2 protein chains.
Amino acid sequence: MRIILCGFGVVGQSLVKLLDSRSEDLYARFGLKPRIVGVTDRKGSAQESSGLDLSRLIEVKKKFGSVKKYGNGKNKQTGLDLINNLDADVLVETTTSNYKDAEPGMSHITSAMKQGLHVISVNKGPLALAFPSLMELATYNQVLLKFSGTVGGGTPILDYAKNSLRGERISSFAGILNGTTNYILTNMANGMTFESALQDAKKKGYVEEDESLDLDGLDAAAKLVILANWIMDFKVTLPDIKRIGIRKVTTSDIQKASKNNCALKLIASCNKDLIVSPKEISLNDPLCVNGTLNAISFTSEHSGTQTIIGRGAGGIETASSILRDLLDIRQEISKN
Amino acid sequence: MRIILCGFGVVGQSLVKLLDSRSEDLYARFGLKPRIVGVTDRKGSAQESSGLDLSRLIEVKKKFGSVKKYGNGKNKQTGLDLINNLDADVLVETTTSNYKDAEPGMSHITSAMKQGLHVISVNKGPLALAFPSLMELATYNQVLLKFSGTVGGGTPILDYAKNSLRGERISSFAGILNGTTNYILTNMANGMTFESALQDAKKKGYVEEDESLDLDGLDAAAKLVILANWIMDFKVTLPDIKRIGIRKVTTSDIQKASKNNCALKLIASCNKDLIVSPKEISLNDPLCVNGTLNAISFTSEHSGTQTIIGRGAGGIETASSILRDLLDIRQEISKN
């Protein structure tokens, strides 16, 4: 299986390490033999139609900060160049999420699908802005568009709701979908001010380069769009979400929640409306998790309320979700 | 799809109601048209090769306490009689779990598989005593043996670990798998003695007819056997589990846990060893749920620790898991 990898940050590198370390096992157990034929990062590119050497790729990136020094020919290709010129089966899109125009991910994904490539996106931007039309484009071009890593990191939340609960009707759900704001609110519950909790989260590397994605609830809202489309068959995009972030949460809000035997959490919920907003959650509710944990509760017609809790982010966790998507694509291809 | 239903208690009746209320939807969405051709309870049987009338079945059971008054012919058939004489595709086995010889469930299941019937068991007895050999028998006879409802009730724990985490390697797991003992221990944490907590649980109808199944950890151990075989590919049965129940838990044990910022829970764990035993769990651990809730944490190689929480039992919840199994069998049959 020939893969083009756009974006070579933490997630992209974790994926390459994972594929490298498990190559024998993946072939033996699943018949999966992934070859990365092209990769781009912010500074350049590397390509090799027979497959790049994965450990060398990691080494070069570590040493020079870019794959462009891999050094076997062209090294200034953009993602689009690779997609339009290389023979490949799958695009793995890991560039940074952006909720203005979703570029360059949007162009990568649409071009790839038009070329007949299956797509795995962990970039939430294109899905948040255009989920319904991207799914249509995938159907039209008879390719798969997979995105397990966009919600819950390595915790297979989307798969659980769609597959493990098949035959069930999910009537509503609510979740803590952003670990950074949960970390900040947890620290505030332990007595910190908003400002010092934010600084602490920044020091730990939990906050996005554009802090608005976390603090104003954009990241949580993007995940809510994906969940609502995928699980509830809604046709919605980011502007359909009512969104209030955590910037205005005060110490007294936190104390008030505590008096009610609750904690204040940034909750993304889908009932009749789609809302991201701070909300008091009972300390006894399984949803009420602390630190950087993510949690989501699905309420179904017959099976009651079920909660899944896990780490929502992290390079290796998200890489493991890309691997699951690759295995699904592998299985789908083998049917034809 | 022609079904024989052995056992017509809470779960069996919930299943019949569920199939009745959703018949149109199940046919439209999944092409599933279930017909119950035979049913037994402790007092007798009912059968009809074109399918029993489901609402009438419920009515008769309610009015006379047994299906034998359904009244269109033979009504003294045993489960084995039905399995050996009726044309059917699936056996749904819902008789009471028994961990001595697992009868009558064991004979029902083995006879059905030898007749070429697929089997759905929510009866844990046969699986706890003979999981490896039952799976072999299923393979030999080329039938499916499904058992989603045995662990977690309506919460698809087995499916999550096996399917949603495909491509992952689960290294260990630990769970609260018995709601009754969790309810008792939660009440003890709130100040009750063991004896009064037990009486309260009995009044609420949470305790098995044979209280030893709950209190001595047999129910949790049976579920641990099923999880270890299914998810970890162990070949184990009930005698392989080290098992300590909650009868000897004292108020001072509970207080000691509380001082350590923990709660005492009956934990079924699979690491190197398979153990059911009371254990202190940190109050901050997502696994530490209260009341009758069940919870299980899987630790995987790449995706970290993930916890699923849900109601572990209940007629309608377990019926929903049987429905999932029926849909799987439906899908499998349509492949051939």
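Let me start inside chain A: 16 residues of domain 1 of chain A are in contact with 17 residues of domain 2 of chain A. This is a predicted model. On the domain 1 side of that contact, helix α6 of chain A, residues 124-140, gives the largest share, with seven residues. Sorted by class, that side of domain 1 of chain A consists of nine nonpolar, five polar and two charged residues.

Now the domain bounds. Domain 1 of chain A takes residues 2-153 together with 315-335, and domain 2 of chain A takes 157-311. Their centres, taken over C-alpha atoms, are separated by 28 Å.

Next, the contact between the chains. How many residues of chain A are in contact with chain B? There are 32, and they meet 32 residues of chain B. On the chain A side, at least two residues each come from α7 (157-164), β12 (304-311) and α13 (315-335). The class counts for the side of chain A that touches chain B are 12 nonpolar, 14 polar and six charged residues.

Which strand of chain B is joined to β12(A)? The partner is β12 of chain B, residues 304-311. Three bridges link the two strands, and they run antiparallel. As for individual positions, A:Thr307 stands opposite B:Ile309, a residue of β12(B).

Note on methods. Residues numbered from 1 in each chain as written. Chains lettered and ligands numbered in written order. Predicted model: local features only at pLDDT ≥ 70, side-chain atom pairs only at ≥ 80, totals over all residues. Contact = placed C-beta atoms within 7 Å. Helix = DSSP H or I, 4+ residues; strand = E, 2+ residues; numbered from the N terminus. Nonpolar A, V, L, I, M, F, W, Y, C, P; charged D, E, K, R; others polar. Pairing = 2+ DSSP bridges. Domains from an automatic or database assignment.
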